[in-house]
Amino acid sequence: MEIILPKWGVTMQEATLTRWLVKVGDTVTEGQPVASVETDKVDGDIESPIAGVIVSISVKEGETVAVGTVVGEIEG
């Protein structure tokens, strides 16, 4: 399943992924924070959509991406 940058506000268009809280191969639970992001108005965490294992990370720390971008993948 894809891990996607969510839209947290009406005007949010993009965010900078500031830090990965997991690495490929890590086991996570549903709702567990997997990455920290920064927008022009708020800082927050992307949460795992399901319990499983992180199988890929496709956005590097410091990279700015648009809302809806796939930042990684998890296998349940």
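Mentor: Ile4 stands opposite Val70 in β8. Keep in mind that this is a predicted model.

Trainee: Which strand does β8 pair with there, and in what sense?
Mentor: β8, residues 70-75, pairs with β1 in the antiparallel sense, over 3 bridges.

Trainee: What is the strand order in the sheet they belong to?
Mentor: The order is β1-β8-β6-β3, in an open sheet of 4 strands with antiparallel pairing. β1 (2-4) and β3 (27-28) each have a single partner strand and stand at the edges, so one side of each lacks a neighbour in the sheet.

Trainee: And side chains along a strand, where do they point?
Mentor: In a regular strand they alternate between the two faces of the sheet.

Trainee: Switching topic. How many helices and strands does the chain have?
Mentor: The protein chain has 0 helices and 8 strands. Along the sequence the pattern reads β-β-β-β-β-β-β-β. Its radius of gyration is 11 Å, close to the 11 Å that the globule rule gives for 76 residues, so the chain is as compact as a globular protein of that length.

Trainee: What box do the C-alpha atoms fill?
Mentor: Roughly 30 × 20 × 15 Å, taken along the principal axes.

Trainee: What share of the residues is buried?
Mentor: Of the 76 residues, 29% count as buried. The accessible surface comes to about 4400 Å², and 49% of that belongs to carbon and sulfur atoms.

Trainee: How many positive and negative side chains are there?
Mentor: There are 5 positive and 13 negative side chains in the protein chain. The centres of the two sets lie 4 Å apart.

Trainee: Back to strands. What does β2 pair with?
Mentor: β2 (residues 14-20) pairs with β4 (residues 33-38) over 4 bridges, in the antiparallel sense. In that pairing, Arg19 stands opposite Ser36 of β4.

Trainee: How many bridges join β4 to β5?
Mentor: 5 bridges, and the two strands run antiparallel, with β5 covering residues 43-47. β4 and β5 form a hairpin, with 4 residues between them.

Trainee: Which residues in β5 are the bridge partners of Ala35 and Val37?
Mentor: Ala35 has Ile46 as its bridge partner, while Val37 has Gly44.

Trainee: One more residue, Ile57. Where does it lie?
Mentor: Ile57 lies in β6, which spans residues 52-57.

Trainee: Why does Ile57 count as partly exposed?
Mentor: Because its relative accessibility is 32%, and partly exposed lies between the cut-offs of under 20% for buried and over 50% for exposed.

Trainee: What does Ile57 touch?
Mentor: Leaving out residues up to four places away in sequence, Ile57 touches Trp20, Val22, Lys23, Val24, Val71 and Gly72.

Trainee: And how far apart are the C-alpha atoms of Ile57 and Ala15?
Mentor: They are separated by 16 Å, with the two residues 42 apart along the chain.

Trainee: For the whole chain, what share of contacts joins residues at least 24 apart?
Mentor: That share is 54%, counted among contacts between residues at least 6 apart in sequence.

Conventions: Residues numbered from 1 in each chain as written. Predicted model: local features only at pLDDT ≥ 70, side-chain atom pairs only at ≥ 80, totals over all residues. Heavy atoms only, no water. Pairing = 2+ DSSP bridges. Rg over C-alpha atoms; globule rule 2.2 N^0.38 Å. Buried < 20%, exposed > 50% of the residue type's maximum accessible area, 1.4 Å probe, protein only. Contact = heavy atoms within 4.5 Å. Areas by Shrake-Rupley, 256 points an atom, 1.4 Å probe, with all protein chains shown as cover. Lys, Arg positive; Asp, Glu negative; His and termini not counted. Charge placed at Lys NZ, Arg CZ, Asp CG, Glu CD.
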